[in-house]
Amino acid sequence: MPLPVLLPLSSPVPGLDPMWEFWLDKPLRILLVLLGASILAAVVRLLIRRVTGGIAKGSRSRIVRRMERGRPRWVEDAGLAGARQVQRAHTIGSVLSSVATVVIWAVALVMIISELDYDIGPVLASAGIAGVALSFGAQSLVKDYLSGIFMVAEDQLGIGDVVDLGEASGTVESVGLRVTQVRDVNGTLWHVRNGEILRVGNQSQGWARCVLDLPVPYDTNIELVTELILHEAGLLRDDPKVGEYITEDPEVWGVEAVTGESVTVRVAVRTVPLKQWDVARALRLRLKKMLDREGLHVPLLNQTVIRQADAGAAPGPPETGQVRAVRRDVPGSDA
């Protein structure tokens, strides 16, 4: 039994009208290439949307101010985190979709040119050489874009956050896929390439804490000082300016350091993000007034004490230690 002979698509079909033969040749193949590119681009965009839709599931809620029973309180806001999720997913999805669309249609264009019987060998060779050159010259640019995509996808920082990026720290004013803009406390605007960011310290996510070290004289009753610090820190919650920023009761962590002149006691207060500095300033002022009331003074380190020498005796070397009151007889005085 003779086997059927399969004719290629470009081979003429016996008895077929020349017009149909023309349309079933190159135009059909070009149409199939365009249709395949369109379907592939649509499928890729659909997959990207599904992937980026679940990127921000681990978003940290932001702390926002709300009125409860007539008093302002700072609570976690899932709505703000959801808004950031939508923004991040949209940014990542649009970038990936654009890149995928460009690549797919570039390949489709090369296939169409090949179907038109143009010799694309020299073009591909030139493109390969140009690609190698660009891979060396633009590798830092690719690194910046990839780092920016992951930074946005993982919600490492956002506009308005106070961050520490190593070389630059301050408030984030712009987050791009290549460059992040940070303005420091002096007003300088830093443009930081995303590929150069090795670590991100974000002080605006979740909550913050102000930690103060209070040195007191060595012979001070530590238990009494601890009670006084807790009392003053507790009164800070009723402060009309910063009381609403405190989210938990203050804590005294204990003795942090001991020297020959002083004992350092550490106190910590948990606050809402970006308000830890305001709480720390108010707490320092209260602790200063408390020390003054109790007659305690922050000891100075390595003090030089000059003692009154006896008449006719050579002055000795200065001594270090605590300051003591020394009475000096001034010539011509009544004493």
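View 1. Residue L35 is found in helix α2, which spans residues 26-53. The model shown here and in the views that follow is a predicted one. Together with L32, I39, V43 and L47, L35 forms a nonpolar patch on the surface. The accessible area of these residues together is about 460 Å².

**View 2. The segment annotated in UniProt.** An unreviewed UniProt entry lists residues 100-139 as "domain: Mechanosensitive ion channel transmembrane helices 2/3". In the predicted model, this stretch of the chain is 85% helix and 0% strand. The C-alpha atoms at the ends of residues 100-139 are 19 Å apart.

View 3. Which residues of α5 are buried? They are D144, S147, G148, I149, M151, V152 and A153. Just after the helix, D155 takes a positive phi of about 55 degrees.

**View 4. An open sheet of five strands.** The strands of this sheet follow the order β6-β5-β4-β3-β7, and their pairing is antiparallel. The edge strands are β6 (189-193) and β7 (201-202), each of which pairs on one side only. As a general point, strands of a sheet pair through backbone hydrogen bonds, either parallel or antiparallel. Within the sheet, strand β3 (residues 162-164) and strand β4 (residues 169-175) are joined over three bridges. In this pair, V162 stands opposite T171 of β4.

**View 5. The hairpin of β5 and β6.** Strand β5 (residues 179-183) pairs with β6 in the antiparallel sense over five bridges. Here V179 stands opposite R193 in β6. Five residues lie between the two strands of the hairpin, and in this hairpin G187 takes a positive phi near 95 degrees.

View 6. R193 forms a salt bridge with D144, with the closest N and O atoms 3.1 Å apart. This pair links distant parts of the chain, since R193 belongs to strand β6 and D144 to helix α5, 49 residues apart. Are the two partners buried or partly exposed? R193 counts as partly exposed because its relative accessibility is 33%, whereas D144, with a relative accessible area of 2%, is buried.

View 7. The closest N and O atoms of R286 and E232 are 3.8 Å apart, and the two residues form a salt bridge. R286 lies in helix α7 (residues 276-294) and E232 in helix α6 (residues 222-235), so the pair ties together parts that are 54 residues apart in sequence. R286 is partly exposed, with a relative accessible area of 24%. E232, at 7% relative accessibility, counts as buried.

View 8. The side chains of D292 and K288 meet in a salt bridge, at 2.5 Å from N to O. Because D292 and K288 are four residues apart in helix α7, about one helical turn separates them. D292 is partly exposed, with a relative accessible area of 41%, and K288 is also partly exposed, at 47%. Elsewhere, salt bridges that share partners join D144, R193 and E196 into one network. The count for the model comes to twelve salt bridges.

**View 9. The hairpin of β9 and β10.** Strand β9 (residues 251-258) and strand β10 (residues 262-271) run antiparallel and are joined by six bridges. The hairpin connects β9 to β10 through three residues. T264 in β10 is the bridge partner of A257. In general, the side chains of a regular strand alternate between the two faces of the sheet.

**View 10. A buried serine in a loop.** S204 has its place in the loop between β7 and β8 (208-217). Is S204 buried or exposed? With a relative accessible area of 6%, S204 is buried. S204 and V272 are 68 residues apart in sequence, while their C-alpha atoms are 8.4 Å apart in space.

Key:
Residues are numbered from 1 along each chain as its sequence is written. This is a predicted model: local features need pLDDT of at least 70, side-chain atom pairs count only at pLDDT 80 or more; totals for chains, interfaces and linings use all residues. Side-chain values use heavy atoms; hydrogens and water are left out. Patches are made of residues with over 30% relative accessible area and no salt bridge: like charges are joined within 9 Å, nonpolar side chains (Val, Leu, Ile, Met, Phe, Trp, Tyr) within 5 Å. Accessible areas come from the Shrake-Rupley method with a 1.4 Å probe; for residues, only the protein chains shown count as cover. A salt bridge is a side-chain nitrogen of Lys or Arg within 4 Å of a carboxyl oxygen of Asp or Glu. Two strands pair if DSSP finds at least two bridges between them. Buried means under 20% relative accessible area, exposed over 50%, partly exposed in between (1.4 Å probe, protein chains only). UniProt positions are given in the numbering used here, feature names are shortened, and annotations may be inferred rather than shown by experiment.
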